[in-house]
Amino acid sequence: MSFLDLPKADHFVLANATLPSITVEGYEAPAKEGLVSADLIIAGGKIESIVSPGTAPAALPRADLRDGMVFPCFVDMHTHLDKGHIWERRRNPDGTFLGALENVSADRAQNWSAQDVRARMEFSLKTAYAHGTKLIRTHLDSIPPQHGISFTVFSELRAEWQDRVALQAVALLPLEQVLNEPVFADIVAVTKRHGGLLGGATRILPDFEKILETLFRAAADNGLDIDLHVDETEDKQVLTLKTIAETKLRLGFEGKVTVGHCCSLARQDEELAKRTVDLVAEAGLSVVSLPMCNMYLQDRHAGRTPRWRGVTLFHELTAAGVKTSVSSDNTRDPFYAYGDLDAVEVFRESVRILHLDHPLDEAARVVTTTPADSLGRSDIGRIKAGLAADLVLFSARRWSEFLSRPQADRIVMRNGMGIDRRLPDYRDLDPILDR
């Protein structure tokens with residue numbers, strides 16, 4: 001049940017709101033813990049203006065938030081919608097990374113028809129939308145012939161959902177196939193046709209530098225950006241992140257490059273880690289950490305308590321000027337048995353796992369403005385006059401309240417109106433999972 005009723009009007013006030021100042025543009029006010037007070041005037045589905053509390057026109061209908069927090073709609077910049085919700089059909093027997101790889105591969109080969117992929121992706125989109133997410137980037141397994149199936153489904157859903165959730169897709173291709181000219185050419189062609197990005201999971205391979213250079217040159221020749229899974233391992237001998245940054249600089253690649261995970265960076269000695277962080281900053285890479293999934297997978301050994309959290313050097317990268325974000329990653333599949341594509345959960349757990357608190361002043365950016373900027377959508381993930389009134393309203397007034405509960409009574413506004421926040425029923429997936 002919602003904690004307040006929105007006015008049934010086209011022109012109204014959200015009064016006495018508390019806003020994370022890092023997400024607000026064009027409004028200045030004294031901040032406490034990075035939070036500012038304001039009235040939001042909504043007109044015609046857009047934010048007409050942001051004014052000091054109590055100064056909005058008295059004649060307008062209003063909803064009094066009583067200092068409740070208001071966020072812009074969220075950005076989830078690293079997900080796997082094509083893998084989502086296969087857990088009941090194909091579990092990970094030991095929770096390890098290898099167990100995840102093997103079981104996803106088996107399920108993909110056996111079950112990933114267009115109908116199956118569409119049903120699971122649409123379920124995920126309904127969930128994310130109900131939670132308040134507006135922009136999602138998904139990686140799509142692009143092992144032929146799966147790339148043709150999944151990208152076609154993705155394009156159909158992107159068109160169907162364009163007014164609710166903006167979608168981007170990355171071809172998660174097997175990097176050993178980059179030097180297989182006809183296979184790689186086909187993956188690039190499919191990716192370009194569907195407006196995607198090139199990606200893959202980097203690891204130590206024979207001819208790795210040649211593979212990476214070929215990937216970058218193909219992206220440049222076709223006007224594509226790059227988004228890679230990088231060093232998702234506890235093995236400190238693996239540090240492909242450094243080579244990626246060096247390759248971008250050496251080739252003068254002008255597109256955007258995003259790197260996800262970067263777990264092994266936290267295993268390096270201080271000197272090597274600092275050199276790598278500086279290179280990442282110089283190369284202008286964006287980094288996305290996936291704290292929930294990596295705590296689940298990394299440093300998992302039978303009968304042994306994990307010794308580290310599995311996340312990257314988030315604070316050091318941020319201090320160096322790198323765009324750093326957090327995201328959901330996998331949802332109810334062999335790579336992560338849990339999750340609900342809820343950016344509030346991702347943010348709350350990231351604050352705890354990555355110590356994004358003390359102070360919390362700028363923490364809200366990691367699921368709003370920063371990932372939106374990294375994905376080239378500066379019109380999303382912020383509160384600004386003239387932008388759509390796509391907002392998430394909370395009864396929580398301060399960070400301690402916000403981070404202590406799941407905020408199940410939140411209100412999601414799209415174009416100035418509250419949406420139906422009912423989540424899809426897991427039973428909806430029974431027809432494809434009961435096999």
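Biologist: Between which two elements is the place of Asp 207?

Modeller: Asp 207 sits in the loop between β10 and α5 (208-222). Helices (H or I, at least four residues) and strands (E, at least two) are DSSP runs, numbered from the N terminus. This is a predicted model, with residues numbered from 1 along each chain as its sequence is written. Local features need pLDDT of at least 70 and side-chain atom pairs 80 or more, while totals for chains, interfaces and linings use all residues; side-chain values use heavy atoms, without hydrogens or water.

Asp 207 has a positive phi, near 65°, and is a residue other than glycine. Arg 66 is not a glycine either, and its phi is positive at about 50°. Its place is the loop between β5 (62-64) and β6 (70-72). Arg 66 is exposed, at 64% relative accessible area. Exposed means over 50%, buried under 20%, and partly exposed in between (1.4 Å probe, protein chains only).

Two cis peptide bonds come next. One joins Pro 144 and Pro 145, with omega about 5°. Pro 145 is in the loop between β8 (133-141) and α3 (146-160). Another joins His 358 and Pro 359, with omega about 10°. Pro 359 lies in the loop between α10 and α11 (369-374).

Now α10 itself. Of its 12 residues, 10 are buried, among them Phe 347, Arg 348 and Leu 354. Asp 342 caps the N-terminal end: a side-chain oxygen lies 3.0 Å from the backbone nitrogen of Val 344. After α10 comes His 355, with a positive phi near 55°. The helix (residues 343-354) should span 16 Å at 1.5 Å a residue, and its end C-alpha atoms are 15 Å apart, which agrees. The expected span is 1.5 Å times one less than the number of residues.

Tyr 27 is in the loop between β2 (24-25) and β3 (35-43). It is buried, with a relative accessible area of 11%. Leaving aside neighbours within four places in sequence, Tyr 27 is in contact (heavy atoms within 4.5 Å) with residues including Val 36, Ile 50 and Pro 53. Its side chain reaches the backbone oxygen of Ser 37 at 2.6 Å. Tyr 27 and Ser 52 are 25 residues apart in sequence, yet 8.9 Å apart in space, C-alpha to C-alpha.

Last, the open spaces. The largest pocket has a volume of about 830 Å³. Of the 35 residues lining that pocket, the closest to its centre are Phe 97, Leu 101, Ala 201, Arg 203 and Phe 335. On a 1 Å grid over the protein atoms alone, a pocket is an open set with protein on both sides within 12 Å along at least five of seven lines; a cavity is a set of points where a 1.4 Å probe fits but cannot get out; lining residues have an atom within 4 Å of a point. A volume is the space filled by probe spheres set on the points, which are joined across faces, edges and corners.

β10 (197-202) is one of the elements that supply at least two residues of the pocket lining. The largest share, five residues, comes from α1.

The largest cavity holds about 70 Å³ of space. Its lining includes Pro 72, Cys 73, Lys 134 and Asp 390.

Notes:
Polar contact = N/O pair within 3.5 Å; in protein donor to acceptor, adjacent residues only side chain to side chain.
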